[in-house]
Amino acid sequence: MKRWLIFAALAISAPALAQPYPAKPVRVVVPFPPGGPTDVVARGIAQKMTEGLGQTVVIENRGGAGGALGTELVAKSPADGYTLLMGTIGGLAVAMSLLPNRGYDTLHDFAPITQAVNVTNILVVHPSVPAKSVKELLEIARARPGQLNYASSGNGTVTHLAGELLKLMGKVNIVHVPYKGGAPALTALVSGETDMSYENSLIILPQIKAGRVKALAVTGSKRSPLLPALPTIGETLPGYSASGWYGLVAPAATPKDVLAKLNVAAVRALRAPEVVERLSSQGAEPVGNGAEEWGGFIRSEIEKWAKVVKAANMKAD
């Protein structure tokens with residue numbers, strides 16, 4: 001009798017075990033607090049991914065350590081396709097050389113799904129700072145070494161790197177003030193708690209238009225179509241370029257067929273006209289590429305920023 005009961009239990013549970021992916025909601029971890037640019041991008045595609053997967057895509061904010069805490073959380077999560085990461089340049093690339101005790105290895109602990117967006121940051125200053133250009137800002141910084149400061153969304157984030165690269169190439173001493181996410185850094189800048197920042201265009205454009213901050217330049221290698229009159233930092237410091245990016249990854253051992261389904265859903269979401277319009281209007285360039293291309297890009301970024309971390313002698317606080 002016991003044997004028949006076991007067989008009956010197995011027969012009942014077999015259909016549940018054989019359920020096709022996804023059989024429950026999918027969690028996307030954003031390694032920063034709500035309201036920041038990474039959060040904006042993740043929520044911008046979540047609804048469309050929900051439609052594509054047939055299961056709710058839930059956003060979970062896990063901020064801390066410049067994105068490293070949330071990134072580590074996903075690295076150590078079950079590789080079943082139900083916990084994903086909206087990874088950033090800071091957590092996936094820079095942390096590899098900046099944070100020796102981060103608790104994960106990007107190249108071994110994650111499987112790439114797709115790059116979501118490229119985002120150009122904007123160098124902005126509080127209205128109390130008299131500079132009207134990068135050239136004038138550098139002149140002020142040289143005249144007042146160590147007196148100007150800049151806010152970042154955390155150690156190892158692109159806003160941190162952008163500042164260190166400017167200090168390195170401009171030969172100036174500007175103090176770094178890290179915050180736990182883009183939203184707190186923006187609040188500090190607007191309130192005058194900090195002098196300047198390299199804010200993500202996704203969240204800084206409304207502040208620029210309202211006159212709460214002054215835009216001096218964009219950090220990318222080319223001018224932004226949103227602000228075509230605004231020069232690049234590279235026009236003053238040739239060779240300067242520090243753009244941000246975000247993309248989806250999963251724990252490394254996630255089954256290939258699950259990764260493929262996630263790629264299809266994410267790419268379709270990123271190509272939906274309303275998503276493209278929404279993200280583009282905020283300064284983000286939707287990408288939506290293949291996993292292999294995305295993985296290669298991450299590797300190249302790890303190499304690029306390792307050189308900057310070493311040259312600038314950057315240290316985690």
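How do the residues of the lining of the second largest pocket divide into nonpolar, polar and charged? They comprise eight nonpolar, eight polar and four charged residues, where Ala, Val, Leu, Ile, Met, Phe, Trp, Tyr, Cys and Pro count as nonpolar, Asp, Glu, Lys and Arg as charged, and the others, Gly among them, as polar. The model is predicted, with local features needing pLDDT of at least 70 and side-chain atom pairs pLDDT 80 or more, while totals for chains, interfaces and linings use all residues. Residues are numbered from 1 along each chain as its sequence is written, and side-chain values use heavy atoms, leaving out hydrogens and water.

On a 1 Å grid over the protein atoms alone, a pocket is an open set of points where a 1.4 Å probe fits, with protein on both sides within 12 Å along at least five of seven lines; lining residues have an atom within 4 Å of a point. Grid points are joined across faces, edges and corners, and a volume is the space filled by probe spheres set on the points.

The second largest pocket holds about 220 Å³ of space. Among its 20 lining residues, G64, A65, G66, L99 and N155 are the closest to the centre. Helix α3 (residues 68-75) gives the largest share of this lining, three residues; helices (H or I, at least four residues) and strands (E, at least two) are DSSP runs, numbered from the N terminus.

For the largest pocket, the volume is about 490 Å³. Of its 25 lining residues, N118, T120, K222, S243 and E285 are the closest to the centre. Its lining has nine nonpolar, 11 polar and five charged residues, and α12 provides the largest share, four residues.
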